4 protein chains.
Amino acid sequence: MSWFDKSYMAAKGVAKGKAGATHALNEAVQGRYHYVYGPYAEPVLRIKPGDIVVAETQDAFEGKIKTEQDSPAEKLNVPFLNPQCGPVAVEGAEKGDVLAVYIKSILPRGPQPVGTTALIQEFGGLVGTTNTALLNQPLPERVKKMEVSEAGIKFNDRITLPYEPFIGTLGVSPEIEAVTSLQPDYWGGNMDMPDVGPGAILYFPVHHESAYLYLGDCHATQGDGELCGVAVEMPSTTTLQVDLIKNWKIAWPRLENERFIMAIGSSRPMEDAVRIAYRELVHWMVEDYGWDTIEAYFFLTQAGRVRLGNMVDPKYTLGASILKTYLDD
Amino acid sequence: MSWFDKSYMAAKGVAKGKAGATHALNEAVQGRYHYVYGPYAEPVLRIKPGDIVVAETQDAFEGKIKTEQDSPAEKLNVPFLNPQCGPVAVEGAEKGDVLAVYIKSILPRGPQPVGTTALIQEFGGLVGTTNTALLNQPLPERVKKMEVSEAGIKFNDRITLPYEPFIGTLGVSPEIEAVTSLQPDYWGGNMDMPDVGPGAILYFPVHHESAYLYLGDCHATQGDGELCGVAVEMPSTTTLQVDLIKNWKIAWPRLENERFIMAIGSSRPMEDAVRIAYRELVHWMVEDYGWDTIEAYFFLTQAGRVRLGNMVDPKYTLGASILKTYLDD
Amino acid sequence: MSWFDKSYMAAKGVAKGKAGATHALNEAVQGRYHYVYGPYAEPVLRIKPGDIVVAETQDAFEGKIKTEQDSPAEKLNVPFLNPQCGPVAVEGAEKGDVLAVYIKSILPRGPQPVGTTALIQEFGGLVGTTNTALLNQPLPERVKKMEVSEAGIKFNDRITLPYEPFIGTLGVSPEIEAVTSLQPDYWGGNMDMPDVGPGAILYFPVHHESAYLYLGDCHATQGDGELCGVAVEMPSTTTLQVDLIKNWKIAWPRLENERFIMAIGSSRPMEDAVRIAYRELVHWMVEDYGWDTIEAYFFLTQAGRVRLGNMVDPKYTLGASILKTYLDD
Amino acid sequence: MSWFDKSYMAAKGVAKGKAGATHALNEAVQGRYHYVYGPYAEPVLRIKPGDIVVAETQDAFEGKIKTEQDSPAEKLNVPFLNPQCGPVAVEGAEKGDVLAVYIKSILPRGPQPVGTTALIQEFGGLVGTTNTALLNQPLPERVKKMEVSEAGIKFNDRITLPYEPFIGTLGVSPEIEAVTSLQPDYWGGNMDMPDVGPGAILYFPVHHESAYLYLGDCHATQGDGELCGVAVEMPSTTTLQVDLIKNWKIAWPRLENERFIMAIGSSRPMEDAVRIAYRELVHWMVEDYGWDTIEAYFFLTQAGRVRLGNMVDPKYTLGASILKTYLDD
């Protein structure tokens with residue numbers, strides 16, 4: 001019995017983790033991409049629990065930054081950033097349910113150089129921004145293009161980074177809000193968390209009927225924090241298997257893979273994001289594994305792990321995790 | 001020549017600060033109130049620059065907390081909080097313009113006790129919250145009702161506070177987002193800034209065609225920070241005069257009254273909100289009053305004033321101001 | 001009966017607010033100034049409760065920035081900044097007591113131009129700093145000299161600011177720490193709070209035998225936040241009356257003047273400083289004025305006032321206050 | 001040639017990484033332990049670069065919490081917490097140098113159960129604290145004792161955690177400050193960073209003549225963030241090899257082990273600690289490895305790693321690291 005067969009998705013999902021029909025969500029099906037996570041768009045696809053979606057995502061710049069000579073300020077048109085596939089309506093999903101999303105694969109798409117990183121003015125972890133509003137002069141714009149394949153990312157002539165792709169922006173619709181796809185929050189969104197890659201199952205609290213799944217912003221790799229604000233952005237072909245879980249209450253996105261379970265928080269300042277993540281993980285251990293609250297608090301003090309997703313988006317994202325070996329009897 | 005005649009609204013407004021037609025935005029005209037600031041709702045009113053709107057606002061709880069025995073947790077239905085009048089479409093307003101809103105009066109409305117404050121679980125400035133997520137037990141719920149009239153607010157048998165009303169939530173629609181009316185941001189929203197009262201003119205950057213003005217959440221008075229999260233909430237009859245300014249670029253809400261000009265920032269952590277406010281004020285002094293940037297920075301160091309609006313909402317709000325006497329030649 | 005006669009200092013002080021002997025703490029008596037608040041220096045003066053100290057403070061740069069052509073980076077020698085008079089040993093003061101300091105006057109001292117403000121690299125509220133560590137280029141250095149007298153501060157040819165002096169750095173020694181005089185904390189220190197001026201009484205928790213009072217860093221005036229990090233710095237002659245209060249527990253500095261009582265918190269991020277200040281004020285209302293905790297929390301929500309002292313020092317300082325009229329029966 | 005032979009310590013150290021004399025710093029030699037990092041204590045040992053120190057550290061509670069029935073509030077005497085060995089004077093160390101500390105081993109010491117964790121009121125990552133000052137009731141006190149050996153830490157009957165010891169508090173004296181050993185900062189101190197374990201070399205900027213090395217607060221293991229504020233605290237026998245590096249400028253602690261180099265920042269809010277760490281790492285790559293600043297910024301965006309040390313101390317500590325494989329040609 002594989003870890004997947006014992007996952008929450010397989011154990012509690014309406015489809016029991018079994019794969020259903022496969023749906024192409026290519027550029028033609030998608031049509032116009034979306035820039036908010038919200039309930040006001042028409043679904044581009046209607047699927048059943050268990051179904052598989054093969055999505056053609058655009059890069060975070062919608063492909064507009066084509067060369068290292070392009071100026072992001074000229075090419076980009078705020079707030080039309082970080083285009084998303086979706087919404088995908090999931091049959092039977094209701095407020096209070098949990099949407100499970102198993103990431104099967106993420107492949108680079110389109111002509112080389114597929115990967116883009118860039119300095120965008122007043123954006124990034126080591127510069128003054130529109131939030132941390134300062135009088136210093138911004139850094140000059142700069143674009144870097146990189147060849148990306150499953151064999152690796154050619155950062156420069158000397159360094160090839162391993163291909164460790166993940167989905168930067170993934171989640172469901174809020175109930176009545178429609179929020180920029182640049183922002184991560186309790187519904188997921190732009191978490192930029194490297195663990196959201198192939199082999200992971202994500203769990204999102206459903207707030208709107210049919211859940212309305214969105215995704216986009218795949219990264220070929222990324223360091224902790226997405227320091228300059230722009231990872232190795234790439235268009236992708238991403239394959240997801242979706243399921244629906246009834247009678248499971250979660251407040252924030254959760255993640256499960258072969259090795260660990262993780263709760264993901266997004267907030268500012270950064271300590272609040274960690275507090276959210278760790279508290280949600282305490283609740284998880286108490287509710288689903290039978291721990292005493294204080295014992296869980298003590299245990300995470302000794303064995304918890306924290307991953308910094310982003311330190312650049314409207315909210316910072318961190319995940320708190322614990323190895324499954326400590327949870328299984 | 002009064003200060004109003006020299007205001008930005010009178011000097012630059014399409015209507016030159018002259019009053020136009022008066023529109024009733026009573027409960028019947030409003031119909032369903034709104035819980036997001038966004039472009040997806042149909043305007044309830046279409047007005048011209050200069051027109052006056054007389055709005056019947058609800059209190060932040062939509063009147064559901066009727067007695068001191070009511071439980072906020074039972075009566076309130078997240079996210080349907082902080083109901084707003086609007087959107088009011090303003091003819092000719094386009095992205096890049098500025099909407100000017102002159103607050104003429106705010107009167108309490110409805111049967112006594114008109115005023116409500118309350119402890120709501122996991123909400124407030126001196127408790128753990130859904131953001132500052134902790135394991136401490138929440139404080140018990142509590143509701144306090146107060147008689148409110150223009151003569152004062154009866155806090156208890158001994159203390160009557162002066163009636164110093166203002167609009168807690170006021171602003172325009174983002175371009176493509178629809179964001180909870182609990183949140184303040186660059187479009188205004190739930191700033192909870194006590195200076196937003198009668199005699200003040202607010203300026204908002206327009207992001208969506210026709211601006212889409214929203215308002216609600218009037219307070220009979222409030223301390224700096226709105227400490228427990230709930231001011232003296234009241235339904236009101238609020239009268240606004242609206243104008244439109246072309247060719248003036250602002251990034252965040254601005255305020256002008258007889259004595260000072262203020263820029264208002266909203267962010268987390270709190271220092272970022274002050275930075276936004278002060279930087280916007282520096283820009284204002286440079287662009288409209290001819291100051292050198294560093295001299296303005298030096299001058300605000302010696303003479304700037306900061307007011308804390310809220311320390312409880314999804315973003316904290318602070319205003320940075322400077323007396324007009326220092327700006328006029 | 002004046003407000004002073006009803007003050008905590010007069011009501012609870014060992015000297016009952018009565019003035020005792022006067023001590024000159026001029027440059028000769030002081031000798032070497034100090035750059036830390038701590039217990040490791042020898043007292044320069046030993047006084048009794050009730051005694052008056054007339055101190056000659058240096059400006060925050062120890063007078064080294066003499067002209068607008070001086071380079072702060074060249075003239076200043078970190079960490080030898082913000083020189084302090086003291087420590088003054090107060091007879092009978094023990095850990096757990098409260099030191100009361102009544103500010104009688106602050107006069108500018110020395111040749112004109114007495115006042116100095118400056119841009120110091122990687123320091124200030126609207127620039128990247130050694131804490132908010134960024135890659136942006138720092139702003140260029142700049143010095144501004146101003147004539148200062150009791151008649152006003154000549155900011156430029158057009159603007160004379162009122163003379164509103166206060167003590168930027170004032171407090172007592174920690175028990176075993178010796179902390180840079182640039183930092184504000186629970187013992188006082190570099191709070192840069194404009195209310196700490198003539199007519200105010202400050203209360204500090206005593207942590208070390210004889211209290212060890214320090215002071216320095218007087219400002220001719222200052223805006224809220226001390227935005228660029230440097231107020232109108234000046235050398236001064238400052239007159240204090242000191243008293244000692246037994247059996248009164250306070251955790252953070254408190255202030256009293258004719259109109260209000262204030263609790264002062266220092267921390268980062270800024271919201272924590274406000275929380276400290278407001279919580280300490282709640283405790284004060286409960287312990288000394290008989291309020292119920294939640295009623296105090298409700299009342300400050302409606303009538304509390306917050307002043308931003310500094311947003312530039314190692315910890316930010318804010319004060320939360322309430323009018324005395326609401327506290328007296 | 002081992003990684004150690006190529007380390008900064010071996011390459012640049014006065015002793016070239018060669019071991020010198022061994023000094024016992026047992027309880028008798030230490031005498032009274034210290035509670036501040038500062039220059040005001042007499043050295044307990046004087047060593048030469050290359051010398052080895054074998055220190056008997058106490059646990060963070062100085063052994064006062066002996067059973068699970070002990071009350072931390074009763075046993076602990078603030079500010080006499082987190083006792084430190086030292087100061088150790090290092091011959092020839094001057095302000096501007098770098099002290100290198102190679103951690104050779106950390107062994108548990110004393111009778112079982114050696115390990116202690118606890119809930120201390122108003123302290124910890126998921127509770128209101130003296131900084132995040134709230135009105136919620138504190139969690140009740142609780143103590144947990146654990147047997148610790150090199151074979152593991154017996155958390156409970158089911159779980160034995162691996163023994164992964166490190167030094168919680170390690171560093172040098174500030175120049176004129178003496179700061180509580182509870183605080184981490186640019187001189188090291190209470191960083192609570194799990195990478196500071198056997199096999200790591202730490203580099204600290206020297207600020208005071210003879211450097212004045214302090215250490216204490218060893219942990220048998222710890223999760224990221226030291227969530228409840230108290231790791232598996234234990235008394236230890238810790239062996240260090242010390243060296244001195246001239247002509248190398250660093251602003252914050254740095255760490256090197258076989259696999260990576262790390263810069264460590266401590267500040268509040270948490271994002272400032274990450275900014276410090278990442279900027280210091282950018283500077284390191286530029287100065288010692290010849291990277292262009294923006295290329296380093298881009299590269300860390302894709303390949304940097306962040307570790308959360310503590311989220312509970314007066315400043316939060318995070319380390320930013322990069323694999324050595326990417327830096328070597």
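The same surface serves both copies, as 100% of the contact residues of chain C recur in chain B, with contact meaning heavy atoms within 4.5 Å.

A word on the model: it is predicted, so local features need pLDDT of at least 70 and side-chain atom pairs count only at pLDDT 80 or more, while totals for chains, interfaces and linings use all residues. Residues are numbered from 1 along each chain as its sequence is written, chains are lettered from A and ligands numbered from 1 in the order in which they are written, and side-chain values use heavy atoms, leaving out hydrogens and water.

Now turn to chain A. Here nine strands build an open sheet of mixed pairing, in the order β1-β4-β18-β6-β16-β19-β20-β22-β21. Strands are DSSP runs of E with at least two residues, helices runs of H or I with at least four, numbered from the N terminus; two strands pair if DSSP finds at least two bridges between them. At the edges stand β1 (22–25) and β21 (305–310) of chain A, each with a single partner strand, so one side of each is left without a neighbour in the sheet.

Within this sheet, β16 (residues 201–205) and β19 (residues 254–256) of chain A pair in the antiparallel sense over three bridges, and Leu202(A) has Leu255(A) as its bridge partner.
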